[in-house]
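Me: I'd like to learn how to read a protein model. Could you walk me through one, feature by feature?

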Amino acid sequence: MTRLLAIETSCDDTCAAVVEDNRILSNVISSQASFHEAFGGIVPEIASRHHIELINGVVAAALGQAGVDLDDLDGIAVTRGPGLIGALLVGFTTAKSLAAAKRLPLVPVDHLQGHVAANFLEPDPLEPPFCCLIASGGHTLIAGVTGHDGYEVLGTTLDDAAGEAFDKAARLLDLGYPGGPAIQNAAEEGDPEAFDLPVSRPDSGRLDFSFSGLKTALAYLVRDLGPAESAVRRADLSASFQRAAVDQLIDRLGAAVAGGSWNAVALGGGVAANAELRKAAADLCDENGLELKLVPIELCTDNAAMIAAAAIASSRDPLPYPDYLPLDAFAEKVR
Ligand code: KG4
Ligand code: ZN
């Protein structure tokens, strides 16, 4: 049996969890969304400062809800990167300090491996091989997962992340933040064929994504329509944008499905909450006789249970005290 405390602070959510094997004992997420709302996006310095204020309370809550204390743990897992460096450092330093104080081993975890590993958790753990679309405000990636320790990048975004594109579109349409749910709601009353927005297919030799052309096309459309007409056509604009964004995600996911032998398709990241994406992914899986794995939304968005899951599933040994003390977090990629 392995019981870990995990800490995740790569973006704007302050998260801690206790996981035993693949069973979640607690999964605490303190969202900072309301602090960033007024800015229409995440302000890194504000995120770091709130992580500092919240992290001790969130860790205490995770331990308390699990009914354990630090002496009952086998180790501590923590997100090392990628993410906002100031935000990452709060969680990474907290994890190192707690582990060092109790002479516990530490497991540094790649954030994206965490999103993949969310699928390994109870109550319905998924076994590889599967392909996993991770689409959030910071990442858009198709991972080919054949084991518990890593994944092959089948495609990634060449510019904006899918969630970032939704957030920028919502700003153009005066729909507020976060943009994904706002666009989805507005789109319910709209016609997805009303405007012909582009679905880009980058010629990169991989299953890469590009959302900057879609964002620019929407910006020109809104400019040409003018503020009054854009406001009147907001539902049609939202539905057309959502259709183009989902079409691109499903087009690449379809190519990944066709190009490998997978048992299942998994969706992760905040954009996985999108109802049209879920519907289209379900159709894709039906057509190909594959299982569609949708973890609960609190395991799709950033959380620490997935970081513990990645650490527990990994065959790599945890780092003993004091070997982890000189380690740093990384904004771009875990080295
Ligand atoms: O994973 P997440 O909570 O945080 C990180 O970015 O790490 O993802 C947030 C992103 C935001 O860009 C938000 O607009 C998008 O996920 N999102 C959605 C939906 N719900 C959240 N995008 C499309 N449709 C949704 N229903
Ligand atoms: Zn994430």
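Me: Let's start with helix H4. By about how many helical turns are His111 and His115 separated, and why?

Reply: Keep in mind that this is a predicted model. His111 and His115 are four residues apart in helix H4, so about one helical turn separates them.

Me: And which atoms coordinate the zinc ion (ligand 2)?

Reply: To read a metal site, list the donor atoms and then look up where they sit in the chain. Here the donors are NE2 of His111, NE2 of His115 and an OD atom of Asp302, at 2.1 Å. Along the sequence, the spacing of these donor residues reads H-x3-H-x186-D.

Me: How is the protein chain divided into domains?

Reply: A domain can be made of separate stretches of the chain, so check the residue ranges by the definition used for the assignment. Domain 1 takes in 3-117 plus 300-313, while domain 2 covers 128-294. Their C-alpha centres are 27 Å apart. Where they touch, domain 1 contributes 15 residues and domain 2 contributes 18 residues.

Me: How much area do domain 1 and domain 2 bury between them?

Reply: For an interface, look at the area first and then at who supplies it. The two domains bury about 1,400 Å² between them, with 66% of it on carbon and sulfur atoms. On the domain 1 side, Leu112, Val116 and Cys300 supply 38% of the area buried against domain 2, more than any other three residues.

Me: What about salt bridges and polar contacts across that interface: how many does the rule find?

Reply: Treat the two kinds separately. The count of salt bridges between domain 1 and domain 2 is zero. For polar contacts, three residue pairs turn up, both partners being at pLDDT 80 or more.

Me: Which elements give two or more residues to the domain 1 side?

Reply: Those are helix H1 (33-37) and helix H4 (111-117). H4 gives the most, with five residues.

Me: Is the phi of Asp21 positive or negative?

Reply: Positive: Asp21 has a phi of about 55°, although it is not a glycine. You'll find Asp21 in the loop between strand S2 (13-20) and strand S3 (23-31).

Methods: Residues are numbered from 1 along each chain as its sequence is written. Chains are lettered from A and ligands numbered from 1 in the order in which they are written. This is a predicted model: local features need pLDDT of at least 70, side-chain atom pairs count only at pLDDT 80 or more; totals for chains, interfaces and linings use all residues. Side-chain values use heavy atoms; hydrogens and water are left out. Contact means heavy atoms within 4.5 Å. Buried area is the accessible area (1.4 Å probe) that two parts lose on being put together, summed over both. A salt bridge is a side-chain nitrogen of Lys or Arg within 4 Å of a carboxyl oxygen of Asp or Glu. A polar contact is a pair of N or O atoms within 3.5 Å; within protein, one must be able to donate a hydrogen and the other to accept it, and residues adjacent in sequence count only if both atoms are side-chain atoms. Donors are N, O and S atoms within 2.8 Å of the metal (3.2 Å for Na, K and Ca); water is not among the atoms, so sites may look incomplete.
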